[in-house]
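Take a look at the model below.

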Amino acid sequence: MSREVLRIENISKNYGKIETLSSLSLVVERGEMVALIGPSGSGKSTLLNLIGHLIAADSGNIYVEGKSIDEFNNRALAKKIGMVRQNLDLVPQLSVINNVLAGKLSDWSFIKSLVSLVFPMEKELALSALRKVGIEDKYTQQTSKLSGGEQQRVALARLLVQNPDIVLADEPVSSLDPARAEDVLSLMSSIAREENKTLVASIHSVEYARKFFTRVVGLRNGRIEFDMPTEKLTERELQILYSLEVG
Ligand SMILES: Nc1ncnc2c1ncn2[C@@H]1O[C@H](COP(=O)(O)OP(=O)(O)OP(=O)(O)O)[C@@H](O)[C@H]1O
């Protein structure tokens, strides 16, 4: 079986006159952990949103396991791709367990989904995900009452229940203090490794990119500046990537 899970071919995306991504191509193989780094505004979130099919490209193609992303319906795509975003997309008024089970919604009928809001179904599934992320004891709590770090864990547990092959994460730890950020990243990368998932995440900290990812892609002005195994990354590439343009 081919190891290629994601192929991005000549993707361009403009917002008005701003060229956000410019004929960008990237191939990702199963099990890779790819960190997208680059200055603010370089196009990291836009790229992730395109792969997650939240926005459409102006031109170019994206293939998931060899099939064009446009050929997947929402349910089929949710089995392949899951996303954790800055705002986490959790429903604050719901209990932790109901937010976790939302990862299963694409599999369930509308009625089953509604009933599950009152009587959490597949409780064991949700509890085992919460156990993996270390907050099983909080399952009945209202999600809004949890700390930022705990809410990140709820989002990770929801992802475990959704169980997609490819995990996209947009700044997954930007709102956390360093100790918690390391905790969440280490959890995320060990889950990805154990379950042979593919991880593509935008990350501001080069230090975290080095520590938790196998491959690093540097974006600047919507183009790939470099793409290499993390251990090969040197100060020189970083200086060019983050240097300010004058004039
Ligand atoms: N919905 C939008 N409407 C207009 N412009 C947008 C929109 N989304 C992104 N852009 C522009 O596209 C460029 C790239 O934004 P993007 O959020 O992808 O960058 P980023 O690398 O993720 O930045 P950051 O690290 O600050 O999150 C920016 O110039 C931004 O202003």
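Start with Ile 81, which stands opposite Ile 166 in strand 7. This is a predicted model: local features need pLDDT of at least 70, side-chain atom pairs count only at pLDDT 80 or more, and totals for chains, interfaces and linings use all residues. Residues are numbered from 1 along each chain as its sequence is written.

Now widen the view. Strand 7 covers residues 166-170 and pairs with strand 6 in the parallel sense, over four bridges. Two strands count as paired if DSSP finds at least two bridges between them. Strands are DSSP runs of E with at least two residues, helices are runs of H or I with at least four, and both are numbered from the N terminus. In general, strands of a sheet pair through backbone hydrogen bonds, either parallel or antiparallel.

What are the domains? Domain 1 takes in 1-65 + 165-247, and domain 2 takes in 89-164. These bounds come from an automatic or database domain assignment. Across the boundary, 11 residues of domain 1 are in contact with nine residues of domain 2. Contact means that C-beta atoms, placed from the backbone, lie within 7 Å. On the side of domain 1 that touches domain 2, strand 7 and helix 7 (178-194) each supply at least two residues. Helix 7 gives the largest share, five residues.

Methods:
Contact = placed C-beta atoms within 7 Å.
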